[in-house]
2 protein chains.
Amino acid sequence: MSKRRISIEDIAKRAGVSHSTVSRALRDNSLISPKVREEIKQLAQEMNYVPNAIAQSLLSSRTNTIGVVVTSIADPFYAEVVEGIEQVARSAGLSVVLSASHRDVEQEIAAIDRFHRRRVDGILLTDSRISKQHTQQLAQIAVPTVLINNQTKDQSEMFYSVEIDDHLGARLAVEHLVSLGHNSIGYLGVGDRSRSNQHRLEGYQMALTEANLPQISDWVAISDEDYARTNDVVIGQKMLPKLFTTGVTGIFCYNDMVAVGALLACRELSISVPQDLSLVGFDGIAVSGYVTPPLTTICQPMLKIGSDAMQMLLDLLEEKSVENRVLSPFLLKRGTSGALRNDHT
Amino acid sequence: MSKRRISIEDIAKRAGVSHSTVSRALRDNSLISPKVREEIKQLAQEMNYVPNAIAQSLLSSRTNTIGVVVTSIADPFYAEVVEGIEQVARSAGLSVVLSASHRDVEQEIAAIDRFHRRRVDGILLTDSRISKQHTQQLAQIAVPTVLINNQTKDQSEMFYSVEIDDHLGARLAVEHLVSLGHNSIGYLGVGDRSRSNQHRLEGYQMALTEANLPQISDWVAISDEDYARTNDVVIGQKMLPKLFTTGVTGIFCYNDMVAVGALLACRELSISVPQDLSLVGFDGIAVSGYVTPPLTTICQPMLKIGSDAMQMLLDLLEEKSVENRVLSPFLLKRGTSGALRNDHT
DNA sequence: ATGAAAGCGCTAACAT
DNA sequence: ATGTTAGCGCTTTCAT
């Protein structure tokens with residue numbers, strides 16, 4: 001492994017010209033005579049010259065790189081979002097540096113800090129937990145930043161954002177259950193996602209109110225901090241039994257993984273879905289279509305969330321003005337929701 | 001968004017010292033008096049100085065960055081592998097640049113080329129399809145490269161590699177079915193994964209031979225190119241009906257997604273699994289545990305594949321000698337495999 | 001203990 | 001049309 005790579009200088013020597021001539025020839029500068037231009041290009045090819053993007057960056061103060069923070073790379077939801085990000089980024093000639101935060105503010109800050117040192121051109125933060133105090137610290141860095149499904153309540157006025165309409169999604173879920181005749185509808189949520197969980201809970205409550213349905217506190221089950229580190233399927237599995245005993249006939253779950261867990265618990269307990277209990281998830285990740293029965297769920301346009309956010313970042317880089325986006329989820333009716341049985345007590 | 005960031009020079013001016021003093025102070029050079037060292041550090045803090053890794057890289061010819069190519073970011077298998085990669089990379093202070101190849105050689109080459117321009121310190125290629133001719137082109141670049149589950153048959157002598165023992169995995173799958181009493185065992189494979197599909201098929205055949213079981217060509221179904229772009233679940237779904245009519249009682253599927261597709265097809269056709277048909281998958285991705293019944297599968301240690309490969313890369317960067325690794329998969333017995341029914345024709 | 005100067009590989013303004 | 005020079009931000013000799 002030779003340490004030094006071929007540089008523009010090396011080519012210049014071999015060609016008997018100055019390094020700037022080489023630079024110009026390689027960049028198709030019109031001032032260079034077509035003849036030498038071709039010669040130099042040919043030579044560069046032969047010498048296996050690969051331009052040094054680091055040196056170019058130092059000069060241009062553009063790295064053509066963006067940083068992306070996800071909670072976990074193996075998270076099927078954000079994997080899909082990142083897929084959307086990467087597609088747009090790549091076609092714009094930008095590389096994606098990926099880092100995982102594991103829903104930990106410290107790790108998130110650390111990742112952002114590494115991005116800054118690397119002088120990324122822009123940053124995309126998913127499920128961000130940076131609070132106001134950190135914001136100040138990050139504010140002066142002055143790198144275009146777009147938040148995707150931001151989880152902090154207070155500020156978004158500093159950064160741009162792309163979000164899903166959690167209120168709407170929750171209402172769609174509950175309204176769907178209501179339309180099937182359910183009137184004892186529960187919510188199975190998670191404790192560690194502050195904002196989205198909060199919004200989905202609010203949407204759930206609003207929908208119940210509008211439908212003139214009762215709200216029983218026992219019908220709302222939010223996993224406590226003990227489960228915060230376990231995965232969502234386990235949360236669903238553990239929480240379902242108790243929630244079911246409250247007599248609910250339909251449950252809106254925080255997300256698909258929780259719903260899958262709930263579904264597994266139902267099988268364990270011989271609760272028939274949707275005959276005994278209807279389940280609605282949220283996200284629309286692939287796995288939701290593979291379980292039995294396939295999950296009725298509120299779909300987020302995952303690829304679009306990613307590509308929209310990335311497009312916003314591109315616009316920001318070109319100093320265009322952009323507007324925050326709130327995308328709408330939609331109901332995908334599948335097998336886990338059904339009409340309320342008449343004989344249900 | 002101010003264009004110019006705070007530089008070491010700016011701090012130097014404010015501190016009334018030279019920029020090299022600042023550099024030394026910041027790097028804890030022992031020659032600097034403790035007093036000014038602290039003063040300068042303090043000042044840097046106040047001025048929100050963020051060191052420019054680009055400039056450092058230009059000098060050190062080390063970017064502390066590695067490039068990773070995956071087929072698709074949203075692929076649950078490689079997502080898990082990348083998770084393992086990123087964990088090790090991060091704790092070693094390296095950032096991960098991620099790119100998707102979509103199983104296309106051109107895109108793979110393009111990604112590698114971008115990595116080279118960016119002067120990544122090392123490269124990790126998953127499911128690589130680069131053939132011998134490309135290898136030459138890539139050889140002179142001289143960046144430590146580790147292949148993960150490489151798909152090209154010919155060469156690996158140029159690069160290091162971490163692989164799963166596909167032969168072993170296939171044998172484990174078939175032997176499991178044999179041990180359950182099956183003697184008409186089929187293979188459901190995919191057409192576009194040259195090497196791993198080939199190896200799993202070979203392992204299947206070897207295991208059958210060793211068990212003195214018949215090999216009927218109709219029992220081997222490999223999806224043709226038409227399905228190459230569709231996802232694996234669809235492949236399983238489309239291929240199963242015909243394969244089932246050949247009278248097999250057990251099927252070893254190329255991977256979990258194919259097996260999930262096969263399982264969905266079975267439900268469609270009212271084929272009971274495992275009563276009428278046993279199914280074995282490969283990979284051990286999360287979804288395999290969520291379907292009904294949960295999939296019996298051959299597990300690959302995905303996180304370990306990633307972290308081992310990354311560790312190899314780290315060793316390579318430190319000029320240590322490394323050896324290729326072949327990891328062993330293992331059987332996870334779950335619900336889709338069962339004893340052969342006596343009344344089966 | 002600190003400053004001055006060179007140089008990493010490149011681009012661009014300024015000669016010629 | 002091409003060469004010379006400066007400089008991006010940093011580290012590292014080499015002086016002092």
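Mentor: In chain A, helix H1 (residues 8-15) packs against helix H3 (residues 34-46) at an angle of about 120°, and their axes lie 10 Å apart; here helices (H or I, at least four residues) and strands (E, at least two) are DSSP runs, numbered from the N terminus, while axes are lines fitted to C-alpha atoms, for helices over the stretch in contact, with angles from 0 to 180 degrees between N-to-C directions. That angle makes H1(A) oblique to H3(A), since under 35 degrees counts as roughly parallel, over 145 as roughly antiparallel, 65 to 115 as roughly perpendicular, and the rest as oblique. Please bear in mind that this is a predicted model, in which local features need pLDDT of at least 70 and side-chain atom pairs count only at pLDDT 80 or more, whereas totals for chains, interfaces and linings use all residues. Residues are numbered from 1 along each chain as its sequence is written, and chains are lettered from A and ligands numbered from 1 in the order in which they are written.

The crossing of H1(A) and H3(A) is right-handed, meaning that the near helix is turned clockwise from the far one by less than a right angle, anticlockwise being left-handed. On one side of this packing are Ile11(A), Arg14(A) and Ala15(A) of H1(A), and they meet Glu39(A), Ile40(A), Leu43(A) and Ala44(A) of H3(A), where contact requires C-beta atoms, placed from the backbone, to lie within 7 Å. By class, the residues of this contact are five nonpolar, no polar and two charged (Ala, Val, Leu, Ile, Met, Phe, Trp, Tyr, Cys and Pro count as nonpolar, Asp, Glu, Lys and Arg as charged, and the others, Gly among them, as polar).

H1 of chain A also brings us to the DNA, as one of the elements that give two or more residues to the surface near DNA strand C, alongside H2 and H4 of chain A and H2 and H4 of chain B. In total 24 residues surround DNA strand C, and the closest are Ser7(A), Ile8(A), Ser20(A), Ala55(A) and Thr21(B); a residue is near a strand if its C-beta atom, placed from the backbone, lies within 6 Å of it. H4(A) gives the most to this surface, with four residues, and the surface divides into eleven nonpolar, ten polar and three charged residues.

Two or more residues each come from helices H2 (19-26) and H4 (53-60) of chain A, and from helices H1 (8-15), H2 (19-26) and H4 (53-60) of chain B. The classes on this surface are eleven nonpolar, ten polar and four charged.

Notes:
Contact = placed C-beta atoms within 7 Å.
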